[in-house]
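Hi,

Here is the structure we talked about, handed over for you to look through.

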Amino acid sequence: MKKQTILTADRPTGKLHLGHYVGSLKQRVMLQNKEEYDNFFIMIADIQALTDNYGTPKKIRDNILEVMLDYLSIGLDPQNVTFFIQSQIDALSDLTTYYMNLVTLSRLLRNPTVKSEIKQRGFDNEKKGIPVGFANYPISQAADITAFKATIVPVGDDQLPMLEQTREIVKSFNSTYNTDVLLTPEALIPENKICSRLPGLDGNAKMSKSLNNCIYLSDDYETLKQKVYNMYTDPNHIKVSDPGQIEGNMVFTYLDVFCQDEHFSKYLNEYQNLDELKKHYQQGGLGDMKIKKFLLNILDELLSPMREKRNYYEQHLDEVLNILKEGSLYANQVANNTLQEVKNAMGLDYFNNSDFLKEQQKKYQSQN
Ligand code: TRP
């Protein structure tokens, strides 16, 4: 059976948080050990991050190693994964240029993710306007995916339109140039609904840096504690004896995601499982502080080994940078190879295909 290639990426715009962890990072840690994958690439998408942060390149620069530290802290292993930086792979821009001919402007602007980002970033306001590079990023993302011949792309569901766009480009390229060099990728989406979008501490639908409602993987114990203690619960649950609501209560939402039965024997042995805890809370007689302390223990058990690993790498940044350098070297080989195949398929192989000269000579021979 043909082995699969996995590729995924993150924009280096900030530290990674628990939402990223349950939504994708945890899955990557599991995937990295599977035998059926030939190649596993994780890319730091700095070119893409610049498409809507072009005025603040320092922010992107400062988050390259930050994101890489997060990767290493959760146990992603350079033995299993090739880590690289998008801007260091020149072939990606070349591929983007060639693919641009295969996509219409209206098709790009119809992309629902792009559409909502245009609104969010105020690009729809007449003064600002939509930067061409921004509108074009789904094509650049198709270049990322196809350059590495990725067949599996683990992403959140907001990225499905990008995968669809990529498949269209693959189909169009292969049929236009009568080739099969490009492979058709499939998205790999987290099955669990709540995991694909972990709500924020404040109950907002999404954990997001701009909403300031995140737990970062790199938060220290005190910060974590403050954040958990301030989580949004049930505003009508005032006295311990009051019956409490589970729905929309972030502590229970997080417990649904992170709590396992074994946590009860370790941290809260009056209960056997989450159902019992919920029932007691709904009946009244269970205070918020108790459930928050329980959640704090569970989250700290998850985060403290990450903090430890991170600590090591923070003190060995030269190693961290070198992982990216080595990875980018390998990624360049793979992407350059694909670029060559793409150019050959398009007939842009003037110097390395002897048929070119012969074809052209024929034109002039017949004239004599
Ligand atoms: N668009 C993705 C995000 O915002 C990042 C990304 C860039 C990506 N290139 C990719 C994801 C290629 C998967 C494959 O999260």
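In this predicted model, a nitrogen atom of the ligand sits 3.0 Å from an N or O atom in the side chain of Gln-141, which makes it a polar contact (a pair of N or O atoms within 3.5 Å; within protein, one must be able to donate a hydrogen and the other to accept it, and residues adjacent in sequence count only if both atoms are side-chain atoms). Gln-159 also has a polar side-chain atom 2.9 Å from a ligand nitrogen, and a ligand oxygen is 3.2 Å from an N or O atom in the Arg-11 side chain. On its own the ligand exposes 370 Å², and the protein buries 89% of that (Shrake-Rupley areas, 1.4 Å probe; for residues, only the protein chains shown count as cover). The residues around the ligand (a heavy atom within 4 Å) include Leu-7, Met-43, Asp-144 and Val-155.

Arg-11 turns up again over the face of Tyr-137, 4.8 Å from the ring centre. Likewise, the charged end of Lys-15 is over the ring of Tyr-216, at 5.1 Å from its centre. (The cut-off here is NZ of Lys or CZ of Arg within 6 Å of the ring centre and within 35 degrees of the ring normal.)

On to the aromatics: the whole structure has 14 aromatic pairs. Rings of Phe, Tyr and Trp (its six-membered ring) pair if their centres lie within 6.5 Å; planes under 30 degrees apart are stacked, over 60 edge-to-face, the rest tilted. Phe-123 and Phe-134 have ring centres 5.0 Å apart and planes at 65°, so they are edge-to-face. Phe-123 is in the loop between helix H6 (112-120) and helix H7 (132-135), while Phe-134 is in helix H7, so the pair ties together parts 11 residues apart in sequence. Helices are DSSP runs (H or I, at least four residues), numbered from the N terminus. Phe-123 is buried at 3% relative accessible area, and Phe-134 is buried at 0%; buried means under 20%, exposed over 50%, partly exposed in between (1.4 Å probe, protein chains only). Elsewhere, ring pairs join Phe-41, Phe-84, Phe-148 and Tyr-330 into a cluster.

Last, Lys-278 in helix H14 (residues 274-283) is buried too, at 17%. Leaving out residues up to four places away in sequence, Lys-278 touches Ile-246, Phe-252 and Asp-256 (heavy atoms within 4.5 Å).

Residues are numbered from 1 along each chain as its sequence is written, and side-chain values use heavy atoms, without hydrogens or water. Local features need pLDDT of at least 70 and side-chain atom pairs 80 or more, while totals for chains, interfaces and linings use all residues.

Cheers

Key
Helix = DSSP H or I, 4+ residues; strand = E, 2+ residues; numbered from the N terminus.
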